[in-house]
Amino acid sequence: MAYQGSAKYYDLFATDKGQEQNFYREIAKETGSPVLELGVGTGLFAFLLAEDGIEVVGIDSSSAMLKEAMRKQRHAPQAIASRLTFIKADMSNFQLDQMFHLIYVPSGSFQYLTTPEEQKRCLQCVQSHLYPQGLFVFDVYLGETEATGAWRRLETKPLPKGGTVTRSISTQTLKDQRAINTALRFDVTDSRGRVQETIIDWSYLALLTKEELEQHLKVAELDVTSLYATFTRKPWAPGATKAIFVTAKPGK
Ligand SMILES: C[S@@+](CC[C@H](N)C(=O)[O-])C[C@H]1O[C@@H](n2cnc3c(N)ncnc32)[C@H](O)[C@@H]1O
């Protein structure tokens with residue numbers, strides 16, 4: 001399963017999310033509290049929103065990722081920690097006793113829902129947890145890279161206690177299944193370069209089209225109010241491989 005063994009290294013490599021984090025922070029400031037993050041992981045986005053004074057609930061299906069989030073929460077200043085709630089739940093089928101002004105799914109995590117049924121059920125859950133005029137915002141990767149499954153080394157990071165961890169990736173596009181198989185490998189060495197541990201985490205991601213998503217959103221009665229190609233709000237145009245949907249629940 002994805003995001004179990006490698007959860008402890010997630011933040012170390014997630015260093016390129018600045019624009020995306022600013023985008024979701026701006027939206028959360030507009031909508032106000034409370035907000036819900038689906039696939040909250042280690043809380044990379046949730047902690048920033050909490051620093052901005054927003055109350056955030058985050059759900060995730062990986063207990064290892066939630067464990068990291070909660071460890072960070074225990075060490076955070078009380079004011080920030082008190083605005084965060086982490087819950088183990090599946091984003092394709094959740095029932096929380098709370099409504100939200102914003103529900104968001106960053107880092108392309110909506111693509112972990114690999115069947116149209118799961119995607120539609122998630123949107124139904126979103127609809128039933130949003131206040132009228134509440135926003136549902138998410139981003140997906142629309143590209144269909146020809147990927148062969150060969151390992152590619154991405155980067156090496158030093159570890160705080162000495163030694164290094166090297167992250168490599170292997171992706172394979174399964175066109176007939178409308179899916180991408182991704183494996184991330186983490187090779188951990190000690191300070192003398194001796195291999196200590198190798199972790200491989202697999203992910204199976206949906207290949208989606210803009211039209212499929214628009215159809216699902218229509219059925220769930222979520223109106224698309226903006227569609228961007230970048231987190232700096234460049235409007236989406238044919239050929240763009242990123243689609244960032246800003247949608248709203250109708251009503252007063
Ligand atoms: C790429 S990480 C993103 C984490 C965090 N949102 C971020 O942007 O740093 C994807 C997260 O989605 C979670 N996830 C995948 N499928 C899920 C599901 N069906 N329900 C809830 N969480 C899920 C994974 O466990 C993982 O923590």
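Biologist: What should I know about the model before we start?
Modeller: It is predicted, so local features need pLDDT of at least 70 and side-chain atom pairs count only at pLDDT 80 or more, while totals for chains, interfaces and linings use all residues. Residues are numbered from 1 along each chain as its sequence is written, and side-chain values use heavy atoms, with hydrogens and water left out.

Biologist: How many salt bridges are in the whole structure?
Modeller: A search finds 13. A salt bridge here means a side-chain nitrogen of Lys or Arg within 4 Å of a carboxyl oxygen of Asp or Glu.

Biologist: Which residue does Arg-178 pair with?
Modeller: Arg-178 pairs with Glu-212, at 3.9 Å from N to O. Arg-178 is in the loop between strands E7 (164-174) and E8 (179-189) and Glu-212 is in helix H7 (residues 210-219), so the bridge ties together parts 34 residues apart in sequence. Helices (H or I, at least four residues) and strands (E, at least two) are DSSP runs, numbered from the N terminus.

Biologist: Lys-210 next. Buried or exposed?
Modeller: Buried, at 15% relative accessible area. Buried means under 20%, exposed over 50%, and partly exposed in between (1.4 Å probe, protein chains only).

Biologist: And which residue has its closest N and O atoms 3.2 Å apart with Lys-210?
Modeller: Glu-214, in a salt bridge. Both lie in helix H7, 4 residues apart, about one turn of the helix. Glu-214 is partly exposed, at 28%.

Biologist: Which residues form a network?
Modeller: Salt bridges link Glu-155, Lys-157 and Arg-167 in a network.
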